[in-house]
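Biologist: Please take a close look at the charged side-chain pairs in this model. Tell me how they are placed, and what packs beside them.

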Amino acid sequence: MVASPSSLADLVGLVALRFDAAMRLTEATAQAGAQLGSDAVCPGVSLRELEAAGALYPGVTEDAQAVRAGLVASEKQVRGRDGAALLVRIAHDPTGRQADEHPGVVIRLTDVSAFFHHHEGVARALAEVADYKHALDRSSILSMTDREGRIVHVNDLFCQVTGYSRSELIGKNHRIVNSGYHPKAFMAQLWSTILAGDVWSGTIRNRAKDGTYHWVYTTIVPLNDNHNQPVRFLAIRNLVRAPADEATPRPPKPVRPSRWFDDAPVGVALTNAQGLVDEANAALLKLLDRPEQEVVGSQLHTYLPDDHDLTHAWMDVFAGRRESVRGEYQLKVPGQRVLWVRLTTWRLPTPPGHPSVLAHMFEDTSSLHEAAIQLRNTSQLAKLGEMAAVVAHEVKNPLAGIGGALQIISERLPEATPEREILGEIQARLHKLNELVNGLSRFARPIRVQHPMQTNLMSLIGNVASTMRRKYTTTGITCEEHGDCLVDGDLKLLEEMFTHLLDNACRVHRGGKRPVRVRLTATPTTCIINISDHGPGLSPEVRARLFDPFFTTRNQGVGLGLAQARRIALAHGGEVRVAATGPDGTSIAVELPRQRR
């Protein structure tokens, strides 16, 4: 048989047969004769004859004809004469298509016994693992933790013995069942063993949810990743009797290091080298605004900005390469509070055999940051005052002259001419520039409450709201009062302050039919005015600088409105601040001293 360029003779070691359009054998590999029988596999024999002789599976002729009729391919798994698992694939013969003849089919047989043997081996291994797990679950107390010690799995027996539900345990540290019986050196040795990748075994006393104790013989097996580093730890426990010496009085525990800081006015946390919080004093819990059970056992860096250099610095202090490390950071605290602290970290001396401890001291420096901002603003105002004097002399006077000249030229031109229209646009821009110069001049001048008088804030804000409704015709404004909000103040200054605040609220408002809300509340000493919009809210960066002079998020404007409003409030002994912000809008709170009766 002469082989074509795509002859089956090229398929050394494979079982393959080629049939023409009449389903008669035209070519076969040597391996096909060995597999199916050399007597049966001969040129010209029909596929149906091979099927009848049992060389191929029943129905192979119909499958081949279906492929020739348009089916892409046909595959079927059968057993060979020697019992081997064979995959029979029937496909179009490409050589017939290339020669513009009626194409036949090519049938290939592939021995897949090894694959099925492997698959069966995997299935048996998985069944054995399932049997082992079932046996362990029925006989032992099981738990699994990640590298940081957080529980990721417990079995039913663990919940039954400890009295905790699975939801109470997942994500928690094993301190939840710590009886306090074992010294820290014991636990430190346990962790150093398993972190090194070695198996640890020993007897531990645990505490159940109801406060009772139980002893367990524990084996902890590290589970490694592809780099042979432990990523999880499987703990296998079995209940045992208490040791005979448990009733023997134990020496008193050493004084906790945190006792030295319990009453300290600054926040203090004690951690290991990785920053896992072991103890926290009351001042730190107050700063973080979190309960002790949430802070203890957590990573300290979760309350600080993401800073890998800080973590490395802690490691250097722990290893003795540095005495201490200090820096200023903004704490991550609940709500919208901005809290700055000075963080100092050093290593505490510990008795021999006890693990080293890092002490972290948190000093609240928020007031210092606020003072620095005010000092910067004062410096800016001083520079602005100097600039305003120059502007008044060098810019404002020429602006007046230019405006007057343009007015004369405009009056001399015929009406409805392009030139007169252009002059009108120039005059409008000059007018806007003149307003800007006047605003700068007003902001640069010190604010003095020269003529204080009794002012009804509800009436004053109502007048300002009416003006804003005419300016922002699609934005509603509602005002509600709780108590008589009467203050002693400068009427014009207070009107300017609320104009800036309401104008800002209406400009960012996206509430549709929901109005801008003004709520006035009187306390025995203070009038509090909350102005709430339905805008996009403030980012932490914008909130921190909202009342800074010259800070604006708009393309137009110089960012003096809110800064001026705050200056007016301060001049009246009050304050303006962001009360709340979020995706549904922002609430600005104005606090003014209530009129003395």
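**Charged pairs and the core beside them**

Modeller: Glu294 pairs with Arg290 in a salt bridge, with the closest N and O atoms 3.2 Å apart. Bear in mind that this is a predicted model. The cut-off for such a pair is 4 Å, so 3.2 Å passes. Glu294 counts as partly exposed, because its relative accessibility is 40%. In general, side chains of opposite charge can pair when their charged atoms come close. By this rule the model holds 22 salt bridges.

Now take Arg321. Its side chain meets that of Asp316 in a salt bridge, at 2.9 Å from N to O. Arg321 is exposed, with 59% relative accessible area.

The next pair is Lys471 with Asp503. Their closest N and O atoms lie 2.8 Å apart, and the two form a salt bridge. This pair links distant parts of the chain: Lys471 belongs to helix H14 (residues 457-471) and Asp503 to helix H15 (residues 491-508), 32 residues apart. Asp503 is buried, because its relative accessibility is 11%. Elsewhere, shared partners join salt bridges into one network made of Arg175, Lys184, Asp278 and Glu279.

The largest nonpolar core has 39 residues. Those with the most contacts inside it are Leu457, Met497, Phe498, Leu501, Leu502, Ile529 and Ile531. Two or more residues come from each of H14, H15, strand S19 (516-522), strand S20 (526-532), helix H17 (561-571), strand S21 (575-582) and strand S22 (585-593). H15 gives the largest share of this core, 8 residues.

Look at Leu501. Setting aside neighbours within four places in sequence, Leu501 is in contact with Ile531, Leu562, Ala565, Val576, Ile588 and Val590.

What about covalent links between cysteines? The count of disulfides is 0. Cys527 is in none; its nearest cysteine sulfur, on Cys485, is 4.0 Å away. Cys527 is buried, because its relative accessibility is 0%. Cys159 is buried too, with a relative accessible area of 15%.

Methods: Residues numbered from 1 in each chain as written. Predicted model: local features only at pLDDT ≥ 70, side-chain atom pairs only at ≥ 80, totals over all residues. Heavy atoms only, no water. Disulfide = S-S within 2.5 Å. Buried < 20%, exposed > 50% of the residue type's maximum accessible area, 1.4 Å probe, protein only. Helix = DSSP H or I, 4+ residues; strand = E, 2+ residues; numbered from the N terminus. Core = buried A, V, L, I, M, F, W, Y, C linked by side-chain atoms within 4.5 Å. Contact = heavy atoms within 4.5 Å.
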